[in-house]
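Trainee: I would like to learn how to read a model like this one, feature by feature. Could you give me the general idea each time, and then the case at hand?

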Amino acid sequence: MLRTTWVVLALAMLFGAPIADAAQGPAPGEVQVELERFGVGGAPRAGDWVGIRLRVLDGAPRQRDVLVRLSFRDADGDQAVIQRNLTLNPGVWQSLWLYARLPFGFGATDIVPATVHEAVEADAADPAAAGTGQKPGRLLGRALLSLRGGTQTVLAPQVGLMGVVGASPMGLRIYSLRDGAGEWALLGHEATEVVGLTPGEVPDRWFGLAPFEALVWGAGDPSELRGERAAAVVEWVRRGGHLVVVMPPVGQTWTSRESNELYELLPSVRITRREGVDLRPMAAMFQKAATSPAPRVLPASAVLHVFDPAPDAPPGEAVPILRTPDGAVVVVRRLVGAGAVTLVGFDLSHRAFTQLDALDADVFWHRVLGKRGDLRSRDEIKQLEGPPENWAIGNRQPVPLDADLGDEIAKSGSSAAGVMIGFVVFILYWLLAGPLGYVALKSRGWQRHAWAAFAATAAVFTAVAWGAATALRPHTPRALHVTLLDHVYGQPVQRARAWMSVLIPKYGSATLAVGAPDASGGLRGPQNTIATWEPPRTAASGSVTFPDVRPYVIDARAQGAIRVPARATVKHVQADWSGGPAWSMPRPVPPDGGSGAAQIAFAAPNDRGQIVHRLDGVLMHQLPGTLSDVVIIVVEGQRDYRPLPAGITRLGADRPPLLAQAFAYRLAHEWAPSEPLDLALATQRQRQSEDYSADALLRALVNAASRADQFTPGRPHPQSLPDRLLALSLFPQLDPPDYRDRTLTQHVAVQRRTTHTYDLGRWFTQPCLIVIGHLGSRGSPQPSPVPLTVDGERVQTEGRTVVRWVYPLPARPPTFRGRPDEEPIEPAP
């Protein structure tokens, strides 16, 4: 028996090894393979998409087609082979991008095999061809990729990511400062790694940019982005990315339709260049109270670009965000799908900003990017009175808000029922075939028939067990899900990210795809992605793999479908989808119930000058179910510039408030389809003693997450799931640690690991209405808007969808106050 076991294990290891090379044998000297970039900007993040750029050199005498491959292990132990075809030219180094989703447990010491094979024609249905019509032949080259021993590392899953195009960080580098362990920001929650890029490093697929919450373009000619790389940026923005363009002082080519393939993304504005502008009167836009007596002087003569919205610009195509004291718009935005493009008119490459630290990111960039919190260097913190540095920074309790998404989609009910039925059947079988059966036979004097009765009992219970197993076994694919669905009113697309456990009730292989099939059998929206996924907590504790691990091939440039090994069990996946409206989201309707156009507007004060409610208008939705746990947030605009008094010396004394003037209201009832929702009633003050500010909601969410985490360290309480999903939706605006509270010996650091870039923080920089509600739950499941198919058949999905709908309101850029007690300075018309 022991020998047989070892033989089985040896065979499993043999056939579970990496994909075998062709029988002709390897010739590793024919093609050289080298690693150029592991991660866009050299900053891969565990648990997220990564772009890997290789370069290859062919020594063959003539041109030929090859397949370039990378291999990763997924949570089941199977080998995901990322494949891309390429035509090699002899003697020429050629670069190419390949893309994969890194496991949460991936580290700098892990090794990724890269191989180059001859491309052999194959049937498109061949699994080794991944739908490309080519499969690997003879091995031509091989390299083992690793970050071990280098300066590059793998970012932890809880670290944010922002890209800067150009050599100057423009004051953004301070976002990267974090504690020694790299788990949180010095005085906030999430640390954000700021990485430098050049236009030539932009990848050719949007999911190479997927980990980035924002891309700030400070220098470089946009004409360098052509073809697929320009299309990748457009798709990334449409799916929720934020492209910020800082206008160069001279020679800007962004407004050239002929040379700039991103031109159609830009706001509809007329740009005027001004020279010799004195920025010193605008100090409140750049600086907070100084923590040291050293002056930080702004330029007295600088270049400034001013943006005038086009008179015929449609809503959302030229939204003023910031303006100078004289009313000139210097930051303007265009809404593009679920994302945005923002133009900044200041010359942030000026020496005062790059070398003299005249710009505080938490004063200027927070209002552009939609962030919150106090940003200070370690030296600045040391100059402040307050708790010791190791107490203020190092003594934190991390609270992962999305750590148990895997528990929400775990398929445990069916297996538990099967185990219970099997246990009951076995007990009955043991009783009837054993003591009870013998007693019954003995009472009738039939002991001599014991063996016949035992055989009959065994046959009956075998049939019962077989029938029960057949009845319990599912025959069609099903999936449990948690989905985040976003839509901006007036935009033609929606976006969604879903985490699913997909039950595949067969053995062999199965094709999982995101997107509805078109007439030709392909997928609509080829830019959608689906990848195997593992819960972060499972990755940390290790997962159990199957003994029959197998390879499966994925097209590196079209990852909307994957063909995975199937073992009549579940496969965890993460799907990113975007397309035309899948569901009928909330919309304004006339108060009288008519069918005409309607709008949402800010409420006017009553006769006594009081604001009784925040908004006027009526909403209605036609979603496939009732919305629960509905929260309405009204962002009236950014707070006015109010200079802080000089001489701040104590940590927490100038704790920054929420930069937006915003209010939050929880609906006391569920919101059914076709039910009118009167915003005048929903946004009015119900109780005078209750704080309806969004700041109070954000503070309560952090406090609730802190208390919930006390039940089991590292595992938030399941009952707080709606609040934690709400906190993830508003993550960049969550209440920072309050160091004025001397009763606490430890502050929390809320974190996210798998929901990066899926937040609404940017919307706190402009007036808008945000509605967040839940459709379905574990106890009352509803389908997902993400179209998932298995082998071409639509899968029945059940679970929870967090619906997040945004209605942009008329712009209200912040105004200026000369002193904290002065009224706002109204800008010139």
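**Reading a predicted model**

Trainee: Which residues does Glu235 touch, not counting residues up to four places away in sequence?

Mentor: Leaving out those sequence neighbours, Glu235 touches Trp206 and Gln527, where a contact means that heavy atoms lie within 4.5 Å. This is a predicted model, in which local features need pLDDT of at least 70 and side-chain atom pairs count only at pLDDT 80 or more, while totals for chains, interfaces and linings use all residues. Residues are numbered from 1 along each chain as its sequence is written, and side-chain values use heavy atoms, with hydrogens and water left out.

Trainee: Where is Glu235 found, and is Glu235 buried or exposed?

Mentor: Glu235 is found in helix α2, residues 227-238; helices (H or I, at least four residues) and strands (E, at least two) are DSSP runs numbered from the N terminus. Glu235 is classed as buried because its relative accessible area is 12%, the classes being buried under 20%, exposed over 50% and partly exposed in between, with a 1.4 Å probe and protein chains only. The side chain of Glu235 is also joined to that of Arg239 by a polar contact of 2.7 Å, that is, a pair of N or O atoms within 3.5 Å; within protein, one must be able to donate a hydrogen and the other to accept it, and residues adjacent in sequence count only if both atoms are side-chain atoms.

Trainee: With which side chain does the side chain of Asp695 make a polar contact?

Mentor: The partner is the side chain of Arg372, at 2.7 Å. Asp695 lies in helix α13, residues 694-708, and is buried, with a relative accessible area of 13%. Beyond four places in sequence, Asp695 is in contact with Arg372, Leu658 and Asp735.

Trainee: How many residues apart along the chain are Val589 and Val618?

Mentor: They are 29 residues apart along the chain, yet their C-alpha atoms are separated by 5.7 Å. Val589 belongs to strand β25, residues 584-589, and is buried at a relative accessible area of 10%. Apart from neighbours within four places in sequence, Val589 is in contact with Ala598, Val618, Leu619 and Met620. For the protein as a whole, of the contacts between residues at least 6 apart in sequence, 77% join residues at least 24 apart. The protein has 14 helices and 36 strands, and buried residues make up 53% of its 829 residues.

Trainee: How should I read the cavities, and how many of 30 Å³ or more are there?

Mentor: Rolling a probe the size of a water molecule over the atoms shows where empty space is left. Here a cavity is a set of points, on a 1 Å grid over the protein atoms alone, where a 1.4 Å probe fits but cannot get out, and lining residues have an atom within 4 Å of a point. Points are joined across faces, edges and corners, and a volume is the space filled by probe spheres set on them. By this rule there are 11 cavities of 30 Å³ or more. The largest cavity holds about 420 Å³ of space, and of the 32 residues that line the largest cavity, the closest to its centre are Gly240, Arg495, Thr757, Asp759 and Arg762. The largest share of this lining, three residues, comes from β18. By class, the lining of the largest cavity has 14 nonpolar, seven polar and 11 charged residues, with Ala, Val, Leu, Ile, Met, Phe, Trp, Tyr, Cys and Pro taken as nonpolar, Asp, Glu, Lys and Arg as charged, and the others, Gly among them, as polar.

Trainee: What volume does the second largest cavity have?

Mentor: Its volume is about 260 Å³, and of the 18 residues that line the second largest cavity, the closest to its centre are His189, Glu190, Lys371, Arg372 and Pro732.

Trainee: Which residues have pLDDT that stays under 50?

Mentor: Where pLDDT is low, the predicted coordinates should not be read in detail. The score is the predictor's confidence in each residue, from 0 to 100; its mean for the protein is 84, and 82% of the residues reach 70 or more. It stays under 50 over residues 519-523 and over residues 819-829.

Notes. 1 Å grid on protein atoms, 1.4 Å probe; cavity = no way out; pocket = protein on both sides within 12 Å on 5 of 7 lines; lining within 4 Å.
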